[in-house]
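Student: I have a structure open and some questions about it. Can we take them one at a time?

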Amino acid sequence: MTKEMNYGTLYSNIKIYKDSENNAIYFRNMSIQFKDFIAQVDEMAEKLSYLGVKKDTVVTLLSPNVPDTIRALYALSKIGAIYSIVHPLMPKDALMESLEQTKSEYLLILDARYGDYRDVLENTKYKIYFLSAIPDLSLIENIGFHIGFHKGLQGVDKQKYLYLMTEKKEVVENDDPFKPSIYLHSGGTTGKSKIVVLNENGIAFVCAHCLEIVQCKIEENSMIGLLPIFHGFGLAMGVHAPLRENAATALMIHYSQREIISKIKKNKLNFLLAVPYMVKRLLNDRRFDGKMLENLYATYVGADQTPMELFDVYNERMSKNHSRNLLLEGYGLTETSTVNFVNTHSDHINGSVGKPLAGVELRIAKDGDLNRDAGPYVEGEIMVSSPSVCLYYLNTPISKQPFHYDNTGKKWLRTGDIGYHDENGYLYYKNRAKDVVKIAGYSIFPSDIEKAVNEVKQVSACAMVYINNATHPYFHLYVESLGDCDTIRQSVLTQLKDKFIKYAIPEKITVVKALPRTTIGKINKKELLAKE
């Protein structure tokens, strides 16, 4: 096998801009230039080194997208530590389990979140230090922050604030991008919770293709940093990709249409990363219109399947306002670091998730034949070979790892997703393999049902879940709509009966004003299943 190309560590990718006066970060009403940001990263690395963090020390990072979180990310990269990034709203028991599973020695936590975990973290073996939004807020915002999070800030030891520390120790920079460095939590290709082990070379590989994806120079522009960094797409494309290109990441703690629109208007936000739900909400906001849309170059969407109508409505809005911006869909997994397939301005088909990036190989495996591609338009399991493919699942036996090695020794990730490609190499995602349900010998794809329901007028979103009852299994369809429940229900049934075999028609249809969602706006099917 040929030696894998070295794309560098995350820190080495950005340190070349240590003299740049371009903005690296937009946060609230503040901005940070590269030269200042990298100096702050270096200082934080020296502080962490003084505290005992060294190469391969495992550090858990529990914090939303504030500048201190990003400083810590690159500081840990410089040191060569292993950083386990967890959901900033992770339940207490899950956090303690994760700390144990990853063998973490340190926990870096946002000060405002500490109050929710104090009872389980006090008197533990973990060394806890605080990140904060305080140094990057205006005076008025700081006052509001202390009022809003007064309870959470009680008992926080000021001596453990990283931004207040003065002690430092010189750091020997890590130069090995291939070693295990990042732990991300994932549903796994099996659907069960896994800890995915990545190296920094994989993240850097994808980000090195940023210009291939956006097809324009992005220096001095900015990418939205809204998707949290525990999400591979948020880490790689929302934060690292723009910084790697001397551009800015526009950090946001949570989804705010007002803040997004304001930054677009001020030309401080040029590329959007979103899930379909976020795009719909923007389109429904009357402020998301007019000449300001000329400041947008591209909007990339993923995570949930995107209704075809959404492409038409979104792109028509852009065209009307003379914006080159297009809604473009991509595909990736935590196990592939982030996006590996994407539509571009010059090469896109709505309904597909695009072509593979240069250096990414696709294989569709049919009937368990993992050693050859099934050919165009044949549905099968999506397999990916790429420098961005994860190293392994942590604490998981070899027999349970999601890989296949072909007769040349090439490593392929078995994604567990079903799809096909056309003769031109465009990939079409169908469904998770685990979500395909067989009834009376027929394979039922919930995603097909959801796609058809999303075409019904007044339906803003939907989710179909399979209730695997031992005596009476059935499908339950949840529909998000503000319309009359009986009318919506009847319209949905009419749509489905015209398109699908009777076994695919959901037995129950529940119309709700709002579906439960995750922090990135994805429909939370686990919560729906818990209702049954």
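Student: Which strands does helix 3 lie across, and at about what angle does helix 3 run to strand 4?
Tutor: This is a predicted model. In it, helix 3 lies across strand 3, strand 4 (82-85), strand 5 (106-110) and strand 6. Its angle to strand 4 is about 150°.

Student: What is the order of the strands in the open sheet?
Tutor: The sheet has seven strands, and their pairing is mixed. Strand 6 (127-131) and strand 18 (392-393) are the edges, each pairing on one side only. The order is 6-5-3-4-7-8-18.

Student: Which residue in strand 8 is the bridge partner of Ile182?
Tutor: Strand 7 and strand 8 (residues 194-199) run antiparallel. Six bridges join them. For Ile182, the partner in strand 8 is Leu198.

Student: Is helix 3 roughly parallel or roughly perpendicular to helix 11?
Tutor: Two packed helices are described by the angle and the distance between their axes. Here the axes of helix 3 (residues 67-79) and helix 11 (residues 232-244) come within 13 Å and cross at roughly 75°. An angle of 65 to 115 degrees counts as roughly perpendicular. So helix 3 is, relative to helix 11, roughly perpendicular.

Student: How many residues of the contact of helix 3 with helix 11 are nonpolar?
Tutor: Helix 3 supplies Ile70, Leu73 and Tyr74, and helix 11 supplies Leu235, Val239, His240 and Leu243. One residue of this contact is polar and none is charged. The nonpolar count is six.

Student: How many salt bridges does the count come to?
Tutor: Side chains of opposite charge can pair when their charged atoms come close. The cut-off used is 4 Å, from a side-chain nitrogen of Lys or Arg to a carboxyl oxygen of Asp or Glu. By that rule the count is 27.

Student: Is Lys78, which meets Asp42 in a salt bridge, buried or exposed?
Tutor: The N to O distance for Asp42 and Lys78 is 3.0 Å. Asp42 sits in helix 2 (residues 34-50) and Lys78 in helix 3, 36 residues apart. Buried means under 20% relative accessible area. Lys78 has 11% relative accessibility, so Lys78 counts as buried.

Student: How many residues apart in sequence are the parts that Asp56 and Lys179 tie together?
Tutor: The side chains of Asp56 and Lys179 form a salt bridge at 3.0 Å, N to O. Asp56 is in the loop between helix 2 and strand 3 (58-62), while Lys179 is in the loop between helix 8 (150-153) and strand 7 (180-186). Asp56 is partly exposed at 41% relative accessibility, whereas Lys179 is buried at 7%. The separation in sequence is 123 residues.

Student: Is Arg372 buried or exposed?
Tutor: Arg372 meets Asp369 in a salt bridge, 2.9 Å from N to O. Asp369 is partly exposed, with a relative accessible area of 29%. The value for Arg372 is 52%, and over 50% counts as exposed. So Arg372 is exposed.

Student: Is Met383 buried or exposed?
Tutor: Met383 is in strand 17 (residues 380-385). Beyond four places away in sequence, Met383 touches residues including Leu362, Leu370, His404 and Trp412. Its relative accessible area is 0%, so Met383 is buried.

Student: What distance separates the C-alpha atoms of Met383 and Ser399?
Tutor: Along the chain, Met383 and Ser399 are 16 residues apart. Between their C-alpha atoms, the separation is 17 Å.

Notes:
Residues are numbered from 1 along each chain as its sequence is written. This is a predicted model: local features need pLDDT of at least 70, side-chain atom pairs count only at pLDDT 80 or more; totals for chains, interfaces and linings use all residues. Side-chain values use heavy atoms; hydrogens and water are left out. Helices (H or I, at least four residues) and strands (E, at least two) are DSSP runs, numbered from the N terminus. Buried means under 20% relative accessible area, exposed over 50%, partly exposed in between (1.4 Å probe, protein chains only). Contact means heavy atoms within 4.5 Å. Axes are lines fitted to C-alpha atoms, for helices over the stretch in contact, and angles run from 0 to 180 degrees between N-to-C directions. Angles under 35 degrees count as roughly parallel, over 145 as roughly antiparallel, 65 to 115 as roughly perpendicular and the rest as oblique. Ala, Val, Leu, Ile, Met, Phe, Trp, Tyr, Cys and Pro count as nonpolar, Asp, Glu, Lys and Arg as charged, and the others, Gly among them, as polar. Two strands pair if DSSP finds at least two bridges between them.
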